[in-house]
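Read through the questions below with the model in view. Each answer sets a value against a rule and then concludes.

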Amino acid sequence: MTPALLSVVNVSKRYSLPRQSLLAAAPQVQALEGVSFTLQAGKSLGVVGESGSGKSTLARLVMALEAPSSGQVLLDGVDLHTLDAAALRQTRAKLQMVFQDPFGSLDPRRTVLQTVAEPLAVLHGAGKAEQRERAAEALAAVGLGSGDLAKYPHEFSGGQRQRIAIARALITRPRLIVADEPVSALDVSVQAQVLNLMQDLQDQFGVTYLFISHDLAVVDLVCDEVIVLQHGRIVEQGSPDQLFTAPQHPYTQRLLAAVPGLKPRLPA
């Protein structure tokens, strides 16, 4: 079997809370506990759960923005959290992130060219000419034009801004994109456009997605496999067909029951 692009191995994450008194030990909250899964190159894995389930914490650990309290996050077999700063900087070209809010994730003072080309400049030290050429290519891939390079975020709709954010993620030609609620801030009609775009880009470039969402309907559309997080633990895992035909865990059943049109399907 082909080795997994991403392997999360028994990962736990604890946060310390403020001390209640000078002599008391700092209380801790367990955000993730014993989370393990693999993701093959070119596939999409959905991570679903309610607010507070640990989804965004998992995204930060995969992006090496925070370190786990225990466990490993392996990209191409290499533990991201054992790399020194220089090696991690080099590895970051392989993984990028698309954030939830297309309004908050783009600096209003920077042009589209500056925004989209920034990872290329920071991670590869590319010159101005290469930055402009690659930024135009990335915009074309998401359905925008080179004429948009000189514009500012306020000149675009929400859906177009998220396309710009995706272009920024694509410019280093990453192997893995972590998409943290990438369409939840968009209107329903625009959500479909952005999701279709992400699928087209996967077909075209072979991008692998770790798709963080509270929306089971979105995950059903774009993901090959799904894990369900509750209180920082994986309570169920399988293909969308398996989960939506015969959810086994009561928590998954409750999530499904709360989504109109996504009641458990009848077996074929």
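Burial, sheets and pockets

Q: Why is Leu186 called buried?
A: Leu186 has a relative accessible area of 9%. Buried means under 20%, exposed means over 50%, and partly exposed lies in between (1.4 Å probe, protein chains only). The 9% of Leu186 is under the limit, so the residue counts as buried.

Q: What kind of model is this, and how are its residues numbered?
A: The model is predicted: local features need pLDDT of at least 70, side-chain atom pairs count only at pLDDT 80 or more, and totals for chains, interfaces and linings use all residues. Numbering starts from 1 along each chain as its sequence is written, and side-chain values use heavy atoms, with hydrogens and water left out.

Q: Where does Leu186 lie, and what does Leu186 touch?
A: Leu186 is in the loop between strand 7 and helix 6. Helices (H or I, at least four residues) and strands (E, at least two) are DSSP runs, numbered from the N terminus. Leaving aside residues up to four places away in sequence, Leu186 touches Pro102, Gly158, Gly159, Gln162, Gln191 and Val194. Touching is contact, meaning heavy atoms within 4.5 Å.

Q: Why is helix 1 called mostly covered?
A: Six of the eight residues of helix 1 (residues 55–62) are buried. They are Lys55, Thr57, Leu58, Ala59, Leu61 and Val62. After helix 1 comes Ala64, with a positive phi near 60°.

Q: How do you know that strand 1 and strand 2 pair?
A: Two strands pair if DSSP finds at least two bridges between them. Strand 1 (residues 6–16) and strand 2 (residues 28–39) are joined by eight bridges, so they pair. They run antiparallel. Val8 stands opposite Phe37 in strand 2.

Q: How many bridges join strand 1 to strand 4?
A: Five bridges link strand 1 and strand 4 (residues 70–75), and these strands run antiparallel.

Q: What makes strand 2 and strand 5 edge strands?
A: Four strands form an open, antiparallel sheet in the order 2-1-4-5. Strand 2 and strand 5 (78–79) each have a single partner strand, so one side of each is left without a neighbour in the sheet. Helix 1 packs on this sheet and touches strand 1, strand 2 and strand 4; its direction makes about 115° with that of strand 1. Such angles run from 0 to 180 degrees between N-to-C directions, using axes fitted to C-alpha atoms, for helices over the stretch in contact.

Q: What makes a space count as a pocket?
A: On a 1 Å grid over the protein atoms alone, a pocket is an open set of points with protein on both sides within 12 Å along at least five of seven lines; lining residues have an atom within 4 Å of a point. The largest pocket holds about 320 Å³ of space. Its lining has 13 residues, with Met63, Gln96, Met97, Phe99 and Pro119 nearest its centre. By class, eight are nonpolar, two polar and three charged. Helix 3 gives the largest share, four residues.

Q: Which helix gives the most to the lining of the second largest pocket?
A: Helix 4 (residues 128–141) does, with four residues. About 220 Å³ of space lies in this pocket. Its lining includes Arg134, Leu170 and Phe205. The classes are seven nonpolar, no polar and three charged.

Conventions:
On a 1 Å grid over the protein atoms alone, a cavity is a set of points where a 1.4 Å probe fits but cannot get out, and a pocket is an open set with protein on both sides within 12 Å along at least five of seven lines; lining residues have an atom within 4 Å of a point. Grid points are joined across faces, edges and corners, and a volume is the space filled by probe spheres set on the points. Ala, Val, Leu, Ile, Met, Phe, Trp, Tyr, Cys and Pro count as nonpolar, Asp, Glu, Lys and Arg as charged, and the others, Gly among them, as polar.
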